[in-house]
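Colleague: Before we go through the side-chain geometry, could you show me the coordinates we are discussing?

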Amino acid sequence: MQVMSESVSRRSFLGLAAAGVAVAGLGVMSTRALAEDGEAAASSAKDASSASDTEASAPEWTKTEVAEGSIVAVGSTALQPLVEAAAEQYMEQYGNVQISVQGGGSGQGLSQVSQGAVQIGNSDLFAEEKDIDPSNLVDNKVCVVGMGPVVNPDCGVTDITMEDLKAIFLGNITKWSDLGGADEDIVVINRASGSGTRATFESAVLDGEAAMPSQEQDSSGTVATMVAETPGAISYLAFSYYDDTMCALKVDGVEPTAENVETNDWKIWAYEHMYTSADADQCTNDFIEYMLSNQVQDELVEQLGYIPVAGMKVEKDAEGNVVEL
């Protein structure tokens, strides 16, 4: 599926870039200028090679046998499609492992893994953001997910300012016609309070203010269906749920693409965490190792619309601080 200005598909968001260094203008250069150009070229080539090596550094999966056992992974519905696909591949390859992947939201995943009720807690949030003590947990960042506003295609709007987006979710703008769109009411669809997708969206868009009362849904899949079927609807989803039944809005003229997430030009994004206990069994550790290997990172991550952590040009901490790498 092609990426259009109004929507982003589940296709691979990233392309491989080749780096090259050219040295020109050798006619009447001084010896010093030639040396400086040569040093710059060597430095650029080294940097490009280093960057390429970093982005292609997912460990190769070589295990022919893995530990037997059962795994229950609960939590983020934004991450659920990736974990389900990886679990299916894993179980096809290794018949001695059973993996159950469930939703419920990031809060549920963090709570259950911290209590020892499940082997893996999937989350769009750092444990600290849900007031979960991370000292007995291992944070496995398996990918990055971009998130953004999506609307029913009949609303007549394809680009929105961050200020107007905030006003919609605060209840201060209630008609699409106020934004140059169709003459119909805006129908806000929110995620439930335990949702990591909701927490990520509100942190980036609402600046700590409370969203207006509206209908709430427990899963990203339900939200996607409701936006597609409800005239005037608006909500927010991970890029991995975008398809041509909805319109993915630009924000302040910025397209919702992986490339813009990588540079933080697109502000609404999160790491996808698969938290495990610090003393997780070997069966669980083997599956996490598989999630971080080339079998998943170089294939499923991009195929399903997620972003490899290795491709990020910035880094975000639990407090939301973003720094360039």
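This is a predicted model: local features need pLDDT of at least 70, side-chain atom pairs count only at pLDDT 80 or more; totals for chains, interfaces and linings use all residues.

Colleague: Which geometry do Trp61 and Tyr290 form as an aromatic pair?
Modeller: The ring centres of Trp61 and Tyr290 are 5.2 Å apart, with 80° between the planes. Because planes over 60 degrees apart fall in that class, the pair of Trp61 and Tyr290 is edge-to-face.

Colleague: How many residues apart in sequence are the parts that this pair of Trp61 and Tyr290 ties together?
Modeller: Trp61 belongs to the loop between helix H1 (31–55) and strand E1 (69–75), whereas Tyr290 belongs to helix H8 (residues 282–291). The pair therefore ties together parts whose separation in sequence is 229 residues.

Colleague: Is Tyr290 buried or exposed?
Modeller: The relative accessibility of Tyr290 is 1%. Since the cut-off for this class is under 20%, Tyr290 counts as buried.

Colleague: Which class describes the aromatic pair of Phe169 and Tyr236?
Modeller: For Phe169 and Tyr236 the centres are 5.8 Å apart and the angle between the planes is 50°. Stacked pairs need planes under 30 degrees apart and edge-to-face pairs over 60, so the pair of Phe169 and Tyr236 is tilted.

Colleague: Which residue has its backbone nitrogen 3.4 Å from a polar atom of the side chain of Asp154?
Modeller: Asp154 lies in the loop between strand E4 (137–151) and strand E5 (159–160). Beyond four places in sequence, its contacts include Ala182 and Pro231. The backbone nitrogen at 3.4 Å from the Asp154 side chain belongs to Gly232.

Notes:
Residues are numbered from 1 along each chain as its sequence is written. Side-chain values use heavy atoms; hydrogens and water are left out. Helices (H or I, at least four residues) and strands (E, at least two) are DSSP runs, numbered from the N terminus. Contact means heavy atoms within 4.5 Å. A polar contact is a pair of N or O atoms within 3.5 Å; within protein, one must be able to donate a hydrogen and the other to accept it, and residues adjacent in sequence count only if both atoms are side-chain atoms. Rings of Phe, Tyr and Trp (its six-membered ring) pair if their centres lie within 6.5 Å; planes under 30 degrees apart count as stacked, over 60 as edge-to-face and the rest as tilted. Buried means under 20% relative accessible area, exposed over 50%, partly exposed in between (1.4 Å probe, protein chains only).
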